[in-house]
Amino acid sequence: MSENSKNRYIPDFITFTRELENYKWYKPILTFIVSLIIYLISLILIVYVSVKISGVNINIIESSGYESLNSYSIEGIIQVFSLVLLIPSVYIGSKITRDRSFKTYLTSRVKWNWGALLKIFLISAIIVLIVCLLGLSGNFHFNNHFTIITLIITLILVPLQCFSEELVFRGFFMQTFGSWFKIPIVAIILQSVIFMLLHPYNLLGQISILISGIIWGIIAWKTNGLETTTAIHSANNLIIFLFGGFGLLRIESNVTLIATALDIIMLLVIGLVVLYLIKRFNWFDEA
C-alpha cells in the first residue's frame, strides 16, 4: 500500500452527505417524493404494456407472500423488474431535485470498484452454493421451471434487483438518516427496520431480514460503499433463485427457525470472510 493511499481521507459513508456543499436537510424528502412518483408512473406503464403484449393478468400490489410469486413466469419477471425500476427512479429524482451526485449514493470513495465487487461476488456465491447444497434433502427432485429466455433474464435481473435494494436501503435511506442524526448505528438500524417491513415473511423471516439489513449496513459503513453489499446480496439471491428455478428448493414466506439460524450464520460468515479479505489484500486501496 502506498503512503498516499494510507493517508487518503475517505469520508464516512453514512454521514458524509451533510458535508456536501448543497446539503439541505429536507432535500432527501423531496427526492423521495419525486422518485416515488416517477417509480409509480413507470410501474403502471410497464404493467400496462406487459398486459397488452402478453395478455397475462399481472398484479404487483396484491400478494399473499412469496408463494404467489412464480419468478420464472412473465408475471414473476415483471414483479422482479418492478424493483429494478427503482434505479432510474432515484437517479432521475435526484437530478430533478438537484439533491446531489448519484455517485454519492453508491460510495464515499473516489470511484465505484468493479474489481472488488466481482471478487466478493464469486466468494459469496461459492459459500451460498455450498450452504444450499448441504441443505438439500435426499428426497429432492429436479424440476426445471426455466426456459432459455427466463434463465437469461433471471441472471440479468436478479443482480440488478439486489443493486436497486442496496441503492435504496443502504444508500438513500441509510445516508438520509445518517445526515439527520449523525449517529451511524441509528441509521443502520432504521434502514434495516424499513427493509424488514417491506418483505412479506413471517416473524422469523422478518427477523432474518432485519439482521441481514443490519449486517449489510455495517459492511457498507465499514467499506465506504455499496460494492460489497451488492455483491453479497446478488450472490445470495441469485443462487436461491436458480435453486428455486431448477426445483431444488421452494421460496416461501413462512421461514423455519432452522432456516433463519442458518441464513444468519451464513451471512455472518460471508461478511467476516469478505471483510478480512478486503483488509488483507487492500481491494479498495486504489478506489
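At what angle do the axes of helix H7 and H9 cross, and within what distance do they come? In this predicted model, the axes of H7 (residues 148-181) and H9 cross at roughly 65 degrees and come within 11 Å. An angle of 65 to 115 degrees counts as roughly perpendicular, and H7 is therefore roughly perpendicular to H9.

**Chain overview**

- The chain has eleven helices and zero strands.
- Along the sequence this reads as α-α-α-α-α-α-α-α-α-α-α.
- The chain has 287 residues, and 48% of them count as buried.
- Among contacts in the chain with a separation of 6 or more, 81% come from residues 24 or more positions apart.

**H7 with H9**

- The crossing in which H7 passes H9 is right-handed.
- H7 contributes Glu166, Arg170 and Met174 to the contact.
- H9 contributes Gly213, Trp216, Gly217 and Ala220.
- By class, the residues of this contact are three nonpolar, two polar and two charged.

**H7 with H10**

- H7 also packs with H10, at an angle of about 140 degrees and with the axes 9 Å apart.
- Angles over 145 degrees count as roughly antiparallel and those of 65 to 115 degrees as roughly perpendicular; H7 and H10 are therefore oblique to each other.
- This crossing is right-handed.
- On the H7 side the contact consists of Leu151, Thr154, Leu155, Val158, Pro159, Gln161, Cys162, Phe163, Glu165, Glu166 and Arg170.
- On the H10 side it consists of Thr229, Thr230, His233, Ser234, Asn237, Leu238, Phe241 and Leu242.
- The contact of H7 with H10 divides into nine nonpolar, seven polar and three charged residues.
- Glu166 and Arg170 of H7 meet H10, and Glu166 and Arg170 are also in the contact with H9.

**H3 with H4**

- Helix H3 (residues 74-84) and helix H4 (residues 86-97) have axes 5 Å apart and pack at an angle of about 25 degrees.
- Angles under 35 degrees count as roughly parallel, and H3 and H4 are therefore roughly parallel to each other.
- Ser82, Leu83 and Val84 of H3 are in contact with Leu86, Ile87 and Pro88 of H4.
- Five residues of this contact are nonpolar, one is polar and none is charged.

**Helix H9**

- H9 has 21 residues, which should span 30 Å at 1.5 Å a residue, and the 30 Å between its end C-alpha atoms agrees with that.
- Its buried residues are Gly205, Gln206, Ser208, Ile209, Ser212, Gly213, Ile215, Trp216, Gly217, Ile219, Ala220 and Thr223.
- Among these buried residues are Gly213, Trp216, Gly217 and Ala220, which H9 brings to its contact with H7.
- The buried residues of H9 pack against H7, helix H8 (184-197), H10 and H11.

**Helix H10**

- H10 has 19 residues and runs 26 Å from first to last C-alpha, close to the 27 Å expected at 1.5 Å a residue.
- Because 18 of its 19 residues are buried, H10 is largely enclosed by the rest of the structure.
- Gly247 follows H10 and has a positive phi, near 75 degrees.

**Helix H11**

- H11 (residues 257-281) has 25 residues and reaches 36 Å between its first and last C-alpha, close to the 36 Å expected at 1.5 Å a residue.
- Thr260, Ile264, Met266, Leu267, Ile270, Gly271, Val274, Leu277 and Ile278 are the buried residues of H11.
- An α-helix has 3.6 residues a turn, so residues three or four places apart point the same way.
- The cover over the buried residues of H11 includes helix H6 (114-135), H9 (203-223) and H10 (227-245).
- Asn282 follows H11, with a positive phi near 50 degrees.

**Leu43**

- Leu43 lies in helix H2 (residues 27-54).
- The cut-off for buried is under 20% relative accessible area, so Leu43, at 11% relative accessibility, counts as buried.
- Leu43 and Leu86 are 43 residues apart along the chain, and their C-alpha atoms are separated by 9.6 Å.
- Leu86 is one of the H4 residues in contact with H3.

Technical notes
Residues are numbered from 1 along each chain as its sequence is written. This is a predicted model: local features need pLDDT of at least 70, side-chain atom pairs count only at pLDDT 80 or more; totals for chains, interfaces and linings use all residues. Side-chain values use heavy atoms; hydrogens and water are left out. Helices (H or I, at least four residues) and strands (E, at least two) are DSSP runs, numbered from the N terminus. The expected span of a helix is 1.5 Å times one less than its number of residues. Buried means under 20% relative accessible area, exposed over 50%, partly exposed in between (1.4 Å probe, protein chains only). Contact means heavy atoms within 4.5 Å. Axes are lines fitted to C-alpha atoms, for helices over the stretch in contact, and angles run from 0 to 180 degrees between N-to-C directions. A crossing is left-handed if the near helix is turned anticlockwise from the far one by less than a right angle, and right-handed if clockwise. Ala, Val, Leu, Ile, Met, Phe, Trp, Tyr, Cys and Pro count as nonpolar, Asp, Glu, Lys and Arg as charged, and the others, Gly among them, as polar.
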